[in-house]
Amino acid sequence: QVQLVESGGGLVQPGGSLRLSCAFSGSFFNIYGVSWYRQSPGTQRELVAAITRSGSTNYADFVKGRFTISRDNAKKTTYLQMDSLKPEDTAVYYCYVPGRSTWGQGTQVTVSS
């Protein structure tokens, strides 16, 4: 049984930073890729960033140069470092393990002055 728990969301001013964490409980974390998605009210959930089991990364165009995804296999945790945040980044952020079709519960990020 795999479970994902996100943390690190909150309220931040435009231009600020947050680091989200996604803790994986279960076995063989190191063999799975992990993705971050986000969803704001009235919109579809959209891919933000992804990291493969070998550490290769890809990003949505709207976060390139501002967000960084990383993983720590020893801690079984995936991170999303978010810098230069904009009001349009406001959303619930979810982590997802495609190999297990498992979503976390989400963490709210609000960017506002």
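Which residue forms a salt bridge with Asp 89, and how far apart are the closest N and O atoms? The legends below take up this pair and its neighbours in a predicted model.

**View 1. The salt bridge between Arg 38 and Asp 89.** Arg 38 is the partner of Asp 89 in a salt bridge whose closest N and O atoms lie 2.9 Å apart. The pair links distant parts of the chain, since Arg 38 belongs to strand S4 (residues 34–39) whereas Asp 89 sits in the loop between strand S8 (77–82) and strand S9 (91–97), 51 residues away. Asp 89 counts as buried because its relative accessibility is 1%, and Arg 38, with a relative accessible area of 6%, is buried as well.

**View 2. The salt bridge between Glu 46 and Arg 38.** Arg 38 also forms a salt bridge with Glu 46, and here the closest N and O atoms are 2.9 Å apart. Glu 46 has a relative accessibility of 31% and therefore counts as partly exposed, while Arg 38 is buried at 6%.

**View 3. The salt bridge between Lys 64 and Asp 61.** In this pair, the closest N and O atoms of Lys 64 and Asp 61 are 3.2 Å apart. Asp 61 is exposed, its relative accessible area being 64%.

View 4. The structure as a whole holds 4 salt bridges, among them the pairs of Arg 38 with Asp 89 and of Glu 46 with Arg 38. Side chains of opposite charge can pair when their charged atoms come close.

Notes:
Residues numbered from 1 in each chain as written. Predicted model: local features only at pLDDT ≥ 70, side-chain atom pairs only at ≥ 80, totals over all residues. Heavy atoms only, no water. Salt bridge = Lys/Arg side-chain N within 4 Å of Asp/Glu carboxyl O. Buried < 20%, exposed > 50% of the residue type's maximum accessible area, 1.4 Å probe, protein only. Helix = DSSP H or I, 4+ residues; strand = E, 2+ residues; numbered from the N terminus.
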